[in-house]
Structure formats: C-alpha cells, structure tokens
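Hello! Here is the structure I promised to pass on to you. Have a look at it first, and then read my notes below.

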Amino acid sequence: MQAIEIANTVTGWPGRKLIRQVLYVINLMTFSTLALRDWFSKNKIFDSRSYSTTVAQIIFTGVDALATISFLGLATGFIFTFRLISISNTYGGTEDITNLLITVICLSAGPFLAAIIIISRTGSAIVVDLGNMKLHGEIEALENMGININDYLVAPRIISTAISQLAITVYFTVIALLSGILLSAIFINPTYINFIFKISNSFTPYLISIFVTKNIIFGFVIATVACYNGLRVQNSATEVPQRTTASIVQSLSFVFVIDALLTLAIFY
Amino acid sequence: MTQQPIIQCENLIPRGLPFEYQGDALNFKLNKGEVTCIIGPNYSGKGVWIRTISGLEDQQSGKLSINGIDTQNLSLEEWTHSRMKVAYLHEDTALLSAANGLINVLAPALYHQLDRSSKKTLLAEKALEILEDIDPDINLDDLPAYITKDHQYKIAIARALLLEPDVLVLNNPFAHFNSDSKHKFQAFLKKQIDKGLSILLVTHDVHYALDVSDKIIFASQENLLQFDSKQALLNCNTPIVHEFMTRPENQAIT
C-alpha cells in the first residue's frame, strides 16, 4: 500500500506541476484579456484617460534605457556581428553571412537581449511599483474613487512595454549590426560595409512581420507577468521582493519557451 | 415631488462583521444635505457598517440603493458613477506615492474626464480653490512621503471633493488632527454641509457627532439603534447606550 502511495506521489508530482503551470498560463491570459478589454472599451488609441501613465511607462522602458541599450548594442556588435562576419568569411559567401546576421542578430539575439533588459529593468520595476501601491492601499483608494485598475494601471503598462520592446529591439539591432559591420570593414575587408545595404535589402516584409510579432509578444508577456505578480502582493512588505523574483524567473521562462516555439513555427 | 435619497438601506445586514450579529437590520435613508454619524463602543463593527452602507462591502441580507439604483447588479458604468458620487475615505486613505499633492488631487478627476465638461485649467483652478479652502498651508509640490498625515488626509478630501460627490463617507476622519487643526477641519466640513453636501461618518468624537448630526446610529455587537435627534439618544435607557454615553470622555454632553 505504502509503495503504491509513494509511486502515486512520484508520478503524480509532474502531473500536478503541469496542471498548475497550465492554470497559471490561463490566469495570465484571462488577466491580460480583461485588462485590454477594459482599456479598449473606454479609450481610443490616441485619446486615452491613462495617456500620461502610458507615456511615462514608454519613457521609463524605452527612452531611459537608451544608454544601457546602446552599450549592449555596441558590445553585441563586437562580440557577435564582428565575430560572425570574421568566421563566416572563412567558410561561406556574402549571401550566407547576410542570412546568418539576419537570423542571429535581428531575429534571435536582438529580441532576446532586449527582452532580458526589459525583464530586469521594467518588469521588476512594475512589480515593485504595483506591489507597493497595493501594500500601501493606493490601489484600494483608486478603486474607491471609481477608477478601474485594469484601465488605469495594467493595460497602459502592457501596451507601452510591448511598444517599447519593439522600439528597443530596433535600436539595439541597428547598433549591433552597424558597429559590427563597421569594425569588420575596418579590420577585415573594407567591402564589408556593403552588408549594411545587403541586410536592408534582404529584410523582406515576411521577416519584418516575424520581427514585429516576436517583440510585441515578448513585451506583452513580460508586462503581463509583472503586473499580475505586482497585484498579487497582499499584506506584507516581504511579498514585494518575493513577487519580483517570481516575476523575473517566470518572464525569463516564458521568453525562452515563446522564442523556441516561434523559431519552430517559423523555420519548420 | 419627494427627493430621492442618496443612500437607502432596506433591512441591511453586512456580511463582513467580525462577530455573530443577531440584532436588527438597518433601515435608513440619507438625503441631500443630511449628516448621519455612526457612534458606538470599540469593536462594534462601525467600520464594516459604514463600508457596507457606502456600497464597498457585500451585504449578508437586505438591499442597498445609491441614487435609486440597487447596488447588487451594477454595470461597470453605474459602479464608476456610484463610486464618484459616494466618496469614501478612511483615516489612512492613501495618496499616489509617485505624484505630488496637486497631481494627486487632479488625477482621479482627469481619469473621469471631468476636464471635458470644463477645461483642464479650470479643473486645476477648482482644485486649488478647494485646497485653499481646506488648508492654505498644504505644500502641494512635495510627494506624499514628505507631507504630514493631516495634510495627506486633507489632500485626499480635496481629491474626493473635486469629483463632485453627493455624499462624503468618512471613517474616523479626525484621527490625525490635533485639537486646533481638528476644529478648523470641522469648520470646513460645516461649510460643505451648508453647501448641500451629505456626510456619513464614523467617529469617536461623540461631541461633534451630536452637534452636527441629523440622525445618529449607535452600533454595538448586540444591536443597531437609530436616533433622529441628540435628545432622543440622550434620553435612551438601553443599558449599552447609557453605559457608553456616561463614559468619562462622553459625559460632558450629558
């Protein structure tokens, strides 16, 4: 009897874990759908009651992060773009190098590294912000005045983080490609400067749509996870760092999984 | 034509009382310009009663109507409107920590797009007028963390008043005031009442409650009693009321 119970416990654990994860994803989807429904039912895109929240979030997520993004873009240009061009120079033609740069820098490393920056910077800030607001009764006070939290706090953060993720990745990718190509032209072969034009010519509408979709999904998921965790803070100040850690880990996991699924969907 | 009450309770019993309540249900109307105070001993559930009466907590039984609309099945629009018209503030009502005093006052009004009916500058002027009236010494440029508790509360009051409520529901409003500032704040409330604002409040200041109230609700764990005048309360022979009113802190009234 005891052996069966142990066996059930062992085999039941992954099942329970899986069910929990599936339910969590459903919770997140419901949460974001309700937030966006409330926002779209009350606002027009350029005439929003939460306009200032949206703009403030875009400034924090996008504009304030430009220095960090620039530095990481330059580093990526040197570490990845320059190295890829110099290695590929030995094995393939310019066509292969162009495809490699688009696949690795534009469609993989760019969105992924931008997502990591947004998770660590914006995602954690959203959890701490909303968590503290909940803890100090600010959210209760807003609700008592008829303010819909989904419309006023959640949806603007989701929308602006998705927009910022896209903008940051464009900026990051441009810097990473330009700096790497310039270095290659200086140190390996001056004709490599032509990669700038080859890459821009090879960026088809199909690739652009993949790029845009991927980044918007990343930004959407990161902000949704952060808002959800921030609003789960209840009574204790210790919940804020706990929820922040949980949000970072969950966002990273989601970004990995979504990246893998999108890669499978695109290339197979 | 009879005026519709702002708040009407019929056989109301709150769900969230932290003890088993077997007393009477509440039948109560709050009309425009009226003041009703809820008084009673500590741990008598006054906070739960006032939150339920103002539509913030579910009732166990009975019916609550705000401006004639049953609060049980409110649409999102009706809920928003009812929350604007019944402004609830407790002693520690929080301000937005990331916004200064003036933005705190303006933010809810801007969210509700009250600047559409007037202009944004007019809304700001109105906010400054209310703040000037409530206390000209409030520093509006600082974040709430750098503002004293009594000034924070006054900013919260101004924020609520900018939404043009029909009734101000105040739960223990004088907790952060010293004697002098309390009297000034009470004078401000009196002006608002004279302008036609209704007030429903829970207070430990029985003197004030008896001075301003049109109706008094006495809450205890055993029962809920309503009085239409100060004299009716003072003449009441119910032991728990008599015991409460003859306490040293309340005795000056009798």
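In strand β7 of chain B, V169(B) stands opposite Y88(B). Strands here are DSSP runs (E, at least two residues), as are helices (H or I, at least four), numbered from the N terminus.

Please keep in mind that this is a predicted model: local features need pLDDT of at least 70, side-chain atom pairs count only at pLDDT 80 or more, and totals for chains, interfaces and linings use all residues. Residues are numbered from 1 along each chain as its sequence is written, while chains are lettered from A and ligands numbered from 1 in the order in which they are written.

β7(B) also pairs with strand β8 (residues 198–202) of chain B, again in the parallel sense over 5 bridges. There, S198(B) is the bridge partner of V167(B). Between β7(B) and β8(B) the chain passes through helix α7 (residues 179–194) of chain B, in a right-handed β-α-β crossover (with the strands pointing away from the viewer, the path from the first strand over the helix to the second runs clockwise).

Is β7(B) enclosed or open? 5 of the 5 residues of β7(B) (residues 167–171) are buried, so this strand is largely enclosed by the rest of the structure. Buried means that 20 or more other C-beta atoms, placed from the backbone, lie within 10 Å of a residue's own. V167(B), V169(B) and N171(B) point one way, and L168(B) and L170(B) the other.

Happy exploring!

Terms used. A residue is buried if 20 or more other C-beta atoms lie within 10 Å of its own, exposed if 12 or fewer, and partly exposed in between; C-beta atoms are placed from the backbone. Two strands pair if DSSP finds at least two bridges between them.
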